[in-house]
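Keep the structure open while reading.

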Amino acid sequence: MPPEVAAAYDIIGMDTRGVGASSPLDCGLTRMSWLRSVGTDLAGFEKSWRLAKDDADACWKKYPGILAHLSTRNIARDADLVRSVLGERKTSWFGESYGTVLGATYAQMFPDRVDRLVLDSALDPAKYGMRSFQDMGPANERALDAFAAWAAPRDRRYGLGATPAAVRATVEKLVRRAEAEPIPIAGFRLDGYLLPYVLYIYGTDEADNADYARALRQLLDAADGKPVQPTQQLSELLTLMFRPWTAGADRDLAATLGVLCADVTMPRDPGWYRKAVERARPTQPVFGPMHNGPVPCAFWKEKPREPLTRISNDLPALQIQATGDTHTTYEEGLGMHRAIRGSRLVTVPVRAHTVYLSAHSPCAKKAVNDYLLNGTLPRKDTTCPR
């Protein structure tokens with residue numbers, strides 16, 4: 001934040017339930033995300049199903065008395081308790097990604113206690129859960145196409161293909177190869193079930209296109225048996241994926257599951273997921289089998305104790321959303337915008353997730369700073385220049 005904006009606020013970060021110093025969850029999980037492609041065969045699906053069950057069972061075995069209480073509504077109550085203890089009549093809220101759901105929930109539950117509300121990269125509160133994950137599939141396929149269009153003119157440098165179609169074909173073929181024979185790299189063996197997750201991470205922000213291209217080149221070379229010294233970025237990502245406990249990524253996953261599964265139920269029939277994958281596969285060949293796969297919440301021992309808060313109000317709020325967001329898609333953001341009718345939406349034509357803290361849009365940053373400092377919202381929804 002610019003100094004004058006930061007100086008106008010007491011900025012408070014809170015360890016929410018399940019993380020940091022607030023009843024942190026350590027379920028002993030062995031991965032950093034449940035996002036994993038089911039691949040093309042039944043064996044791949046069955047392994048994803050078993051892994052999801054193992055994650056849920058591990059958490060319930062260790063924390064049977066805690067998991068039911070980690071809901072977003074309870075975290076919103078905790079936030080209001082913090083406000084009360086500080087002796088503040090009102091509080092302002094800046095939320096990114098899931099933090100937009102938490103902020104919107106807080107504002108809905110305690111509307112008279114909210115001053116300024118900023119939502120950066122919002123989910124659709126009416127879709128929160130499995131439908132939000134499914135929305136990521138098409139968005140990530142579009143991101144792959146956008147990356148392919150960037151990489152094609154640079155074929156001499158990266159050797160990924162001279163046309164966008166050729167680049168996409170290179171990626172899809174690599175996923176199939178990795179499913180048949182895992183890629184040895186950085187001391188790990190990356191298979192076709194986890195490779196889409198690597199692509200998902202690299203495709204998040206268009207500012208990382210060059211890193212994305214270098215990583216793909218190294219993976220292609222490694223698949224061909226060539227000696228490869230992976231970049232630090234790729235090596236660190238693979239280490240997080242295969243040894244998540246080295247940096248706490250396993251505990252982050254446990255906390256994420258704790259909140260998500262205390263909020264919403266997921267389909268419990270394996271047939272539901274298999275059908276969802278097959279419906280998505282023709283138009284989402286890389287990401288459909290990942291974003292429609294089994295989720296540990298399918299095996300949660302207890303249903304949510306409260307329904308989600310329905311977001312519907314006329315409160316003033318500022319929302320910023322990137323058109324190419326692959327995590328909380330632009331369409332999801334529009335759902336939040338419709339739910340908070342007093343909000344103003346600043347659209348940023350870029351592929352990125354979370355905008356304010358990035359260098360992508362001085363226009364969006366200015367809108368947030370003006371609102372936080374002066375309380376002035378844009379007169380109408382606006383789109384920033386690219």
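Buried means under 20% relative accessible area, exposed means over 50%, and partly exposed lies in between. By that cut-off Cys-297, at 3% relative accessibility, counts as buried. The model is predicted. It holds three disulfides. Counting bonded cysteines along the chain, the pattern is 1-2, 3-4, 5-6.

**Cys-27 and Cys-59**
- A disulfide joins these two residues, Cys-27 and Cys-59, with an S to S distance of 2.1 Å.
- The link of Cys-27 and Cys-59 is right-handed, with 110 degrees about the S-S bond.
- Distant parts of the chain are linked here: Cys-27 sits in the loop between helix H1 (3-7) and helix H2 (42-62), and Cys-59 sits in helix H2.
- The separation of Cys-27 and Cys-59 is 32 residues.
- Cys-27 has 8% relative accessibility, so this residue counts as buried.
- Cys-59 has a relative accessible area of 0% and is buried.

**Cys-261 and Cys-297**
- Cys-261 is joined to Cys-297 by a disulfide, S to S 2.0 Å.
- The angle about the S-S bond is -80 degrees, and the link of Cys-261 and Cys-297 is left-handed.
- Cys-261 belongs to helix H11 (residues 249-263), while Cys-297 lies in the loop between helix H13 (288-291) and strand S5 (317-322), so the bond ties together parts that are 36 residues apart in sequence.
- With a relative accessible area of 1%, Cys-261 is buried.

**Cys-363 and Cys-384**
- The S to S distance in the disulfide of Cys-363 and Cys-384 is 2.0 Å.
- The torsion about the S-S bond of Cys-363 and Cys-384 is about -75 degrees, so this disulfide is left-handed.
- The bond links distant parts of the chain, with Cys-363 in helix H15 (residues 362-374) and Cys-384 in the segment after strand S7 (382-383).
- Cys-363 and Cys-384 are 21 residues apart.
- Cys-363 has a relative accessible area of 31%, which places this residue in the partly exposed class.
- Cys-384 is buried, with a relative accessible area of 3%.

**Points to check in the viewer**
- Which handedness does the link of Cys-27 and Cys-59 have? The link of Cys-27 and Cys-59 is right-handed.
- Is Cys-363 buried or partly exposed? At 31%, Cys-363 is partly exposed, whereas Cys-384 is buried at 3%.

Conventions: Residues are numbered from 1 along each chain as its sequence is written. This is a predicted model: local features need pLDDT of at least 70, side-chain atom pairs count only at pLDDT 80 or more; totals for chains, interfaces and linings use all residues. Side-chain values use heavy atoms; hydrogens and water are left out. A disulfide is a pair of cysteine sulfur atoms within 2.5 Å. Helices (H or I, at least four residues) and strands (E, at least two) are DSSP runs, numbered from the N terminus. Buried means under 20% relative accessible area, exposed over 50%, partly exposed in between (1.4 Å probe, protein chains only).
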